[in-house]
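Please look at the sequence and the model shown below before reading on.

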Amino acid sequence: MSSLAKEKDISDQIINHSRSMISIINRNYVYEKVNATFCNAHRIVNESVVGKSLAEVWGNATFQDIIKSKIDECFTGKTVRYEAFFHIPESGKRYFEVVFRPLALETGVITHLLAETFDINDLRRSKQAVIDKEEELRKLETNLPIGFLRCNPDGKILQVNKAFLKILECQDEVLVKNMNLKNFYSDEGFFELQYKQLLECNTKTFGRIYLKNCKGNEIPCRISGIMAFDEFTNPAFIDFAVEDSSRELMLENRLLQAQKLETVGALAGGIAHDFNNILTTISGYAEMLKDDLPKDSALSEKVSKIQGAVLKARSITNQILTFSRQVEQEKIQISISKVLKETIGFVKSSIPSNIIVRSHIPKKEADVFADPTQLFRVFLNLMTNAIQSMEEKGGTLSVNLAIVDGKLVKHELSKDIVADEYALLTFKDTGKGMNPSLMSRIFEPFFTTREVGKGTGLGLSVIHGIITEMEGEILVSSKKEKGTVFYVYLPISKDYPVLSAKSERRKKILFITGNKFESRILSLALKNTGYELIYISDNQHLIKVMASISDRPDMIIYMSDSKQIHQEDLVGIFNKLKINTPCVLITDPNLELSEEKILNSGIIKQHLIKPVSLKEIRNAIQISLK
Amino acid sequence: MPGILIVEDENELREMLKISLLRRNFTVLEAANGKEAIIHFKPSITDLVVTDIIMPEEDGLKVVMKLRELKPTLKIIAISGGGKAGPGNYLSLANALGADAIYSKPFSINDLIAKIEELLNIEQNT
């Protein structure tokens, strides 16, 4: 074999054993030579390609659309590269990088071109995998509920995710990227401190830090940082994970608050217990003294003052015990919307003209397990507070009742869910509002914003106790000069047994009051107890009822706020008709002169102090009707 | 006259109850806590017990249970001022255990005496 032939054989072998498909194409777009790899890949024999045009091999359309222009370009002397896919028998669609190189003669004339085709499927696959992974990571980072940011060692922000923008309350990523992290720290010099610490230990979790966001709100955040270094061990950038911990902080505070109230409650309850003992001793001796003194004497009157003071003190110890949930409550199943409607009606009857009360109460009835008189007190107190906060400037009180799913409520409450459904009552005013430090204390007993001497400061703490006793919860949110919202969650009760009627004959109870709303609450409270309640608010009617033996009630409950029927009228009727119907008087803790008079007149068998509970009323009725 | 046992850990209050009952000519026995009441209980001369609920040593509920056991015909009145031992329905519990009447402090002493007389079937002459 000549050395030339040997040389050709070697180069043919090299060409045939190359992993790329190699072919030589002439100016007529005809294959002049193909290597073995080309033939093997296309499952063809050499002879079926060589001498054939590219149009014949790849189809005219492919040739015209893709290949021809590339070949023409190559014949101008350029190396042309492009990616294409071919359908390879048995392997299907595969990607290749095609390189056309001009083959020039010694004269410089290009007569042929060398086509090399590399299988790039694996390369493409790994490239795609990298892209996919990157995309996945980017998505994760973007949608991570934890804020992420990368900044350079000076604090200039390089990259942020959605969660971080959310914490900042800013939608403009570009704006944030141009800022420095230092600007967001409430404490000056904090970034420098972080930088120093990260230099020492690379990663660190920093305690609770306040970030000032784009809206100027201070957000408590938990921040941890990782510092990355370049090849010269200089800091390259810092990655921060930023977690908004305001909810956590809020729940923590609420728990603290609950614990504090529990402690104060236990303490106050103990004190109230001791005071009740002392009050019993005082009232006992006062009673004995009064029995010993001639009626209507000046001394006896002084003893009455002592008794009056005892009643007042008793009302306070009672409230403290209600707050600390150490008073027995008699609960019944009661429609919450009915109690709410009556209370709204009551409030509306005495509202200043610059205040509007709006209410939304669903038609669907829902029952709660409660003492209706206490429920009335809760609603009344919240509405009165709201109205007082709007007294000067006027405003709107919105009262809403909604029935909500217990599962949804779970996230709002700091205690376990006890019912499938909850009544959610909202009392929203547009009044003075409060600052956060005030708001955190309003449920504490004896905490009041009013002047010293006005009110005992027990109102909201008592309400807190009543609601807690019902296994509900009261929450508040407020903004200074904007207004306050109270949220009351009460579990809806389903199957509590109703109180059974105790008396055989329906006993008639006459209820005298100036306030029809309160009387309706009472009637709700006493419904199903077997009593017949009659209401009277004018004198004529009263005389008529009392004069007739058949209509005469078995007992009377007299609320001293009755405007039409005065105490003297009642005493007068009793004396004139010479009747001895048991009479229960309900008054405020501060007795007025006329109230003292009726107490001393002898017609009152029992005296209850507001706020009265259902239990007290029922006890009083049972004693009177015995 | 019927014998009445007062079980109350507050000295002044117990004293007041004693005086008010003595005025009505009752025979009065005293105990400063539940344990004392149970140990020194004299069934033959005790017709009625007025007991506090929350007390050191044995509490009032134990007293109600134990004394009823020792003398089934004994009349029992429970009194309580709430508090101290945390939320609890002590009075209704006392009721369930068999107290004949229950009172929340502060109560009217005349009401209590009227109740005592009623329970002991004494002609009331007020």
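Predicted model: local features only at pLDDT ≥ 70, side-chain atom pairs only at ≥ 80, totals over all residues.

Residues are numbered from 1 along each chain as its sequence is written, and chains are lettered from A and ligands numbered from 1 in the order in which they are written.

**The sheet in chain A**

- Five strands of chain A, in the order S12-S14-S15-S17-S16, form an open sheet with mixed pairing; strands, like helices, are DSSP runs numbered from the N terminus (E, at least two residues, for strands; H or I, at least four, for helices), and two strands pair if DSSP finds at least two bridges between them.
- Strand S12 (355-360) and strand S16 (473-479) of chain A stand at the edges with a single partner strand each, so one side of each has no neighbour in the sheet.
- Neighbouring strands of this sheet are turned against each other by 15° on average, direction ignored, where axes are lines fitted to C-alpha atoms (for helices over the stretch in contact) and angles run from 0 to 180 degrees between N-to-C directions.
- S12(A) runs parallel to strand S14 (residues 395-405) of chain A, and six bridges join them; in this pairing, A:Val357 stands opposite A:Leu397.
- S14(A) and S15(A), by contrast, pair in the antiparallel sense over eight bridges, and A:Val399 stands opposite A:Phe427 in S15(A).

**The sheet in chain B**

- Chain B has five helices and five strands, and from the N terminus on its elements run β-α-β-α-β-α-β-α-β-α.
- An open sheet of five strands in chain B has the order S2-S1-S3-S4-S5, with parallel pairing.
- The edge strands are S2 (27-31) and S5 (101-104) of chain B, each of which pairs on one side only, and the twist from one strand to the next averages 20°.
- Strand S1 (residues 3-7) of chain B is joined to S2(B) by five bridges, and the two run parallel; B:Ile6 stands opposite B:Glu30 in S2(B).

**Burial in chain B**

- Helix H3 (residues 60-70) of chain B has the buried residues B:Gly60, B:Leu61, B:Val63, B:Val64 and B:Leu67.
- Seen down the axis of H3(B), these buried residues fall within an arc of 160°, so they line one face of the helix; the arc is that of the directions from the helix axis to the C-beta atoms.

**Nonpolar cores**

- The largest nonpolar core has 86 residues, and A:Val339, A:Phe379 and A:Tyr558 have the most contacts inside it; such a core is a set of buried Ala, Val, Leu, Ile, Met, Phe, Trp, Tyr and Cys residues joined through C-beta atoms within 7 Å.
- Helix H12 (residues 372-390) of chain A gives the most to this core, with nine residues.
- Another core, of 31 residues, lies apart from it and includes B:Leu21, B:Ile53, B:Ala78 and B:Tyr103.

Note on methods: Buried ≥ 20, exposed ≤ 12 C-beta atoms within 10 Å, placed from the backbone.
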